[in-house]
Amino acid sequence: MYQVTKLHYHRQSKLLDITFDDNLHTSVSAEFLRTHSPSAEVQGHSPEQAQLVLNKQNVTIVTIEPVGHYAVRLCFDDGHNSGLFSWQYLRKLCDHHKQLWQQYQDKVAAHRQSQDSVPIKFVP
């Protein structure tokens, strides 16, 4: 079980620095954290219910609230604050950041492509 030993948010770059007790130090964007929030609003109650969160490029973290010794609540400027980011979930996001971000980008691209397509029905 990993423990977070330090969190530091950079308001201008919108990056959250995360340091774990095994000395892993990484930075993740507020956009990544918002689009990967562990809340039911984003994740749903099953993988099939997960929601694609769009247009969060400019989102910022307003406050970081500790929850016991195991998690933080990140409050974003778009009003979202219902996800508890446990240390284990943060570690998962950090360890798989590149893969998760690519999957998200692929879903966004597919969504935008489907928005631009217009079904055509040919009637003889």
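Student: Is Glu65 buried, partly exposed or exposed?

Tutor: Please keep in mind that this is a predicted model. Glu65 has a relative accessible area of 32% and is therefore partly exposed, since that class lies between 20% and 50%.

Student: With which residue does Glu65 form a salt bridge?

Tutor: The general idea is that side chains of opposite charge can pair when their charged atoms come close. Here the partner of Glu65 is Arg73, with 3.7 Å between the closest N and O atoms. Arg73 is partly exposed as well, at 27% relative accessibility.

Student: How many salt bridges are there by this rule?

Tutor: The count comes to six. One of the pairs joins Asp95 and Arg91, whose closest N and O atoms are 3.1 Å apart. These two residues are four apart in helix α3, which means that about one helical turn separates them. Their accessibilities fall into separate classes: Asp95 is partly exposed at 43%, whereas Arg91 is buried at 8%.

Student: Which residues are linked in a network of salt bridges?

Tutor: The network links Arg34, Glu41, Lys56 and Asp78. Within it, Arg34 and Glu41 form a salt bridge with 3.8 Å between the closest N and O atoms. Arg34 has a relative accessibility of 5%, so it counts as buried.

Student: Which residue has its C-alpha atom 7.8 Å from that of Arg34?

Tutor: That residue is Val59, which is 25 residues from Arg34 along the chain. Val59 is placed in the loop between α2 and β4, and its relative accessible area of 4% makes it buried. Leaving aside neighbours within four places in sequence, Val59 is in contact with Arg34 and also with Lys14, Ala30, Glu31, Phe76, Asp77 and Asp78.

Student: Let us turn to the nonpolar core. How many residues does the largest one have, and which have the most contacts inside it?

Tutor: In general, nonpolar side chains of soluble globular proteins tend to be buried together. In this model the largest nonpolar core has 21 residues, and those with the most contacts inside it are Ile18, Leu33, Ile61, Leu74, Phe85, Leu90 and Leu93. The elements that give two or more residues to this core are the strands β1, β2 and β5 and the helices α1 and α3. The most comes from α3, with five residues.

Student: What does Ile18 touch, residues up to four places away in sequence not being counted?

Tutor: Ile18 touches Val4, Lys6, Leu7, Leu24, His25, Thr26, Val28, Leu90 and Cys94. Of these, Leu90 is also among the residues with the most contacts inside the core.

Student: How should I read the largest pocket, and which residues lie nearest its centre?

Tutor: The space in the largest pocket is about 370 Å³. Its lining has 16 residues, and Thr35, His36, Gln43, Ala50 and Lys107 lie nearest the centre. Helices α2, α3 and α4 each supply at least two lining residues, and α4 has the largest share, with four.

Student: Where is Thr35 found, and with what does its side chain make a polar contact?

Tutor: Thr35 is in helix α1 and counts as buried, at 5% relative accessibility. Its side chain makes a polar contact of 3.1 Å with the side chain of His36. Beyond its neighbours within four places in sequence, Thr35 is in contact with Val42, Val53, Lys56, Trp101 and Tyr104.

Technical notes:
Residues numbered from 1 in each chain as written. Predicted model: local features only at pLDDT ≥ 70, side-chain atom pairs only at ≥ 80, totals over all residues. Heavy atoms only, no water. Core = buried A, V, L, I, M, F, W, Y, C linked by side-chain atoms within 4.5 Å. Buried < 20%, exposed > 50% of the residue type's maximum accessible area, 1.4 Å probe, protein only. Contact = heavy atoms within 4.5 Å. Salt bridge = Lys/Arg side-chain N within 4 Å of Asp/Glu carboxyl O. Polar contact = N/O pair within 3.5 Å; in protein donor to acceptor, adjacent residues only side chain to side chain. 1 Å grid on protein atoms, 1.4 Å probe; cavity = no way out; pocket = protein on both sides within 12 Å on 5 of 7 lines; lining within 4 Å. Points joined across faces, edges and corners; volume = space filled by probe spheres on them.
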